[in-house]
Amino acid sequence: MSYELQALIGTRELLTVAAAEVPAARVVPLAQGLALIPVTPAVLGALQGDGTVRKAGGGAGFGWHSDGFELRLAAWSKAGPIACVEAEYFGGSGTQRAAVWADGDVALGPLTVGEFEASPAEGTPISRVLRRLGARTEEGRVDEFESVGLGRHRSTGGWAGPTT
């Protein structure tokens, strides 16, 4: 079974303001006062700016977005922390990358766990950025990822679909 996600995560209020600047963006509520914007091709295209990537693999280590994308995240983060997350798994192995922007700059990360690497004791990259955004592991849940409901859909497209 596979899982893939490219998304922005922050408070619902912050992402609602951010999404107003990106017509293709859809804000999807998560638990614990958080929400996500699935980074679909249409959203990514709207956020890319001129498409310039001055640093190898993007400034925060995300190969799929440009400096224009990071400038938008930096601007939005002045109103509150915002995370960029990606995950890709198939058959139990895969990768995660996550970073948090706050006060106009990268505040945490980029954090990465590669294929076949063990997650660090402090948690997976996505759980760690969720913790930085205020998420907590709820009783009976494995981690912050599960507690906020990121397992509800198995793909970015699933989050972007008409019903969530």
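**Notebook: strands, cores and a cavity**

Strands (E, at least two residues) and helices (H or I, at least four) are DSSP runs, numbered from the N terminus. I worked on a predicted model, in which local features need pLDDT of at least 70, side-chain atom pairs count only at pLDDT 80 or more, and totals for chains, interfaces and linings use all residues. Residues are numbered from 1 along each chain as its sequence is written, and side-chain values use heavy atoms, with hydrogens and water left out.

**Entry on E5**

I found that E5 and E6 pair in the antiparallel sense over six bridges; two strands count as paired if DSSP finds at least two bridges between them. These two strands form a hairpin with two residues between them, and Asp103 in the turn has a positive phi of about 55°. I then turned to E4, which runs antiparallel to E5 and is joined to it by nine bridges. Within this pairing, Glu86 has Arg97 in E5 as its bridge partner. E4 and E5 also form a hairpin with two residues between them, where Gly91 in the turn has a positive phi of about 60°. I recorded that E5 is largely enclosed by the rest of the structure, because eight of its ten residues are buried. Buried means under 20% relative accessible area, with a 1.4 Å probe and protein chains only.

**Entry on the cores**

Of its 23 residues, Ile9, Val85 and Leu150 touch the most other members. The elements that give two or more residues to this core include strand E1 (2-11), strand E5 (93-102) and helix H4 (125-132). E1 supplies the largest share, four residues. Apart from this core I noted another, of 21 residues, among them Leu15 and Ile82.

**Entry on H4**

I saw that H4 is mostly covered, with six of its eight residues buried. Among the buried residues of H4 are Pro125, Arg128 and Leu130. Just after H4, Gly134 takes a positive phi of about 105°.

**Entry on the cavity**

I asked which residues line the largest cavity. The lining consists of Leu8, Ala18, Ala19, Val22, Ala25, Ile37, Val43, Leu47 and Trp76. A cavity is a set of points on a 1 Å grid over the protein atoms alone where a 1.4 Å probe fits but cannot get out, and lining residues have an atom within 4 Å of a point. Helix H1 (12-19) and helix H2 (41-47) are the elements that give two or more residues to this lining.

Notes
1 Å grid on protein atoms, 1.4 Å probe; cavity = no way out; pocket = protein on both sides within 12 Å on 5 of 7 lines; lining within 4 Å. Core = buried A, V, L, I, M, F, W, Y, C linked by side-chain atoms within 4.5 Å. Buried < 20%, exposed > 50% of the residue type's maximum accessible area, 1.4 Å probe, protein only.
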